[in-house]
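Please look over the fold below before reading on. The briefing goes by topic.

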Amino acid sequence: MSSITTAVSDGRMDIGGPRLIALTCLLLLVFSAAVAMSFNISGFVTSFNISFTEAGTIATLELGGIAVSSLVFSQLAPRLQPRTVYTFGIGTIALMNAATIFVPNMTALLVVRAIAGMAAGSVTAMVMYTAGHSRTPEKTFGIINSFVGVLGIILALVLPQAGKLYLLPGAPAGTTEADGLFLVYLVASIAALFFVRSVPVPPRAALAGEGGRSKAAPPLIGWLALVGIGIIFFGHGVLALYIVDVGKGVGLSAETIGLVFSFAAIMGIALPLIAGFLGAKFPATPPVFIVLVLAAIFALLLGHAATPLAYFLSAPIYAFVPIAMLPIALGALVRIDPSGRLAAAHPAFVTLGGAAAPLTGGAIRDWAGNFSASGWFVVGCIAVGAVFMAAAMLKADQLRRQQLAGA
């Protein structure tokens with residue numbers, strides 16, 4: 001058997017090496033527009049001369065498309081061929097990114113970004129379904145999420161410059177800040193196509209639903225945990241998607257904010273790797289809730305930031321600390337639902353919560369006139385989400401203890 005991706009009798013795979021890199025790169029290149037949504041919102045406001053609430057509505061539709069599509073495809077995943085989904089999904093994303101550059105008005109923009117979101121959701125669900133069949137899912141999810149930090153560094157450095165392409169001599173008339181951003185996303189989506197043939201595919205038994213792995217219904221506490229994760233990321237997005245504007249509010253330039261994001265992304269590389277290691281070795285409950293407490297604290301600090309120093313101290317940690325929770329939480333979900341469907345469905349809940357965040361965050365900002373109210377809103381969402389997650393985390397730890405006792 002191959003040492004890179006080996007199917008074992010229980011439907012698990014040893015995912016590593018070049019194929020894990022291919023799976024990760026495919027996901028991140030497809031998801032680049034969603035990762036940089038705060039830049040997109042700012043670009044929409046300036047390029048289309050619309051309010052934060054209207055720009056948030058566009059982001060809400062795109063993230064909502066990701067959520068609905070990923071939920072549907074996560075449940076259909078055992079009956080689908082992943083590489084076929086990848087090819088059609090990525091092709092659609094590339095077309096929609098190109099169309100975004102040429103849309104004439106906000107109505108067309110809403111339609112194009114909603115379609116792009118639905119296509120991205122299909123790809124994301126298949127990637128997470130595959131990762132959920134790893135023999136060490138916490139480490140696999142940790143590595144995938146750590147590369148979000150790598151992407152964050154690249155985007156933070158590239159996007160501020162791409163947004164200025166319309167200022168270059170010879171730029172076509174009518175070119176805007178948003179056009180430069182989506183040119184970057186177009187290149188990224190085209191690059192993702194080159195990884196389709198190299199990604200690992202779950203064993204045929206898992207894709208066919210054999211052996212009971214894909215037939216058993218995921219437990220209710222797992223779905224409740226996903227609802228909790230969605231609430232937490234909804235709250236996080238209410239402030240995170242406006243981090244660029246928080247920085248501008250304390251007098252920082254786009255380039256300086258990009259450097260802050262680059263520093264934040266370095267933590268985004270390390271934290272999921274550490275979390276993946278800890279999740280594979282230790283119970284899930286304590287580290288998950290430590291991360292949530294930190295997220296709440298830094299939400300308040302960022303929401304009340306009134307100086308560049310306060311922004312420098314709070315924004316990087318707040319931006320990426322929730323990512324440290326995901327590898328551990330997803331590993332716990334795989335433990336209580338070995339079929340992998342809960343893990344595959346998690347992007348739906350993360351992005352469904354995130355879909356409501358731009359509109360809600362924009363409305364709160366427009367109503368309050370600052371971001372302090374957003375910080376308190378985040379704290380409330382984290383508290384509610386933690387309650388929904390508690391039963392699943394405790395059950396996963398119980399199963400872990402039983403497994404160790406029987407070993």
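This is a predicted model: local features need pLDDT of at least 70, side-chain atom pairs count only at pLDDT 80 or more; totals for chains, interfaces and linings use all residues.

The protein has 17 helices and 0 strands. Of its 407 residues, 56% count as buried.

**Overall make-up**

- The accessible surface of the protein is about 15800 Å². Carbon and sulfur atoms account for 72% of that surface.

**Confidence**

- The average pLDDT of the protein is 81, and 89% of the residues score at least 70.
- Confidence is highest in helix α5 (residues 82–102), at a mean of 93. Helix α9 (residues 204–208) is lowest, at a mean of 53.
- Residues 1–9 have a pLDDT below 50. Beyond near neighbours in sequence, this stretch still has 19 contacts in the model.
- Residues 210–214 also fall below 50 in pLDDT. Here the model has 13 contacts beyond near neighbours in sequence.

**Helix α5**

- α5 has 21 residues, which should span 30 Å at 1.5 Å a residue. Its end C-alpha atoms are 31 Å apart, so the span agrees with expectation.
- Buried residues of α5 include Pro82, Val85, Tyr86, Gly89, Ile90 and Ile93. Ala94, Met96, Asn97 and Thr100 are buried as well.

**Helix α3**

- α3 has 12 residues and covers 16 Å from its first C-alpha to its last. That is close to the 16 Å expected at 1.5 Å a residue.
- Most of α3 is covered, with 10 of its 12 residues buried.
- Among the buried residues of α3 are Met37, Phe39, Ile41, Phe44 and Val45. Ser38, Asn40, Ser42, Gly43 and Ser47 are buried too.

**Aromatic pairs**

- How many aromatic pairs does the structure hold? The count is 5.
- Phenylalanine 44 and phenylalanine 48 form an edge-to-face pair, because their planes stand at 65 degrees, over the 60 degrees needed. Their ring centres are 6.4 Å apart.
- These two residues are 4 apart in helix α3 (residues 37–48), so about one helical turn separates them.
- Is phenylalanine 44 buried or exposed? Phenylalanine 44 is buried, with a relative accessible area of 0%.
- Phenylalanine 48 has 24% relative accessibility, so this residue counts as partly exposed.
- Phenylalanine 182 and tyrosine 185 have ring centres 5.0 Å apart and planes at 85 degrees, so this pair is edge-to-face.
- Both lie in helix α8 (residues 177–192), 3 residues apart, about one turn of the helix.
- Phenylalanine 182 and tyrosine 185 are both buried.
- In an α-helix, residues three or four places apart point the same way, because there are 3.6 residues a turn.
- Ring pairs join Phe44, Phe48, Phe182 and Tyr185 into a cluster.

**Cysteines**

- How many disulfides does a search of the whole structure find? The search finds 0.
- Cysteine 25 has 22% relative accessibility, so this residue counts as partly exposed.
- Cysteine 381 is at 8% relative accessibility, under the 20% cut-off, and therefore counts as buried.

- Alanine 270 is placed in helix α12 (residues 254–281). This residue is partly exposed, with a relative accessible area of 35%.
- The C-alpha atoms of alanine 270 and glycine 142 are 9.3 Å apart. Along the chain, 128 residues separate the two.
- Arginine 401 sits in helix α17 (residues 372–406). At 54% relative accessibility, over the 50% cut-off, arginine 401 counts as exposed.
- Arginine 401 and proline 283 are 118 residues apart along the chain. Their C-alpha atoms are separated by 8.6 Å.

Terms used: Residues are numbered from 1 along each chain as its sequence is written. Side-chain values use heavy atoms; hydrogens and water are left out. Rings of Phe, Tyr and Trp (its six-membered ring) pair if their centres lie within 6.5 Å; planes under 30 degrees apart count as stacked, over 60 as edge-to-face and the rest as tilted. Buried means under 20% relative accessible area, exposed over 50%, partly exposed in between (1.4 Å probe, protein chains only). A disulfide is a pair of cysteine sulfur atoms within 2.5 Å. Accessible areas come from the Shrake-Rupley method with a 1.4 Å probe; for residues, only the protein chains shown count as cover. The expected span of a helix is 1.5 Å times one less than its number of residues. pLDDT is the predictor's confidence in each residue, from 0 to 100. Contact means heavy atoms within 4.5 Å.
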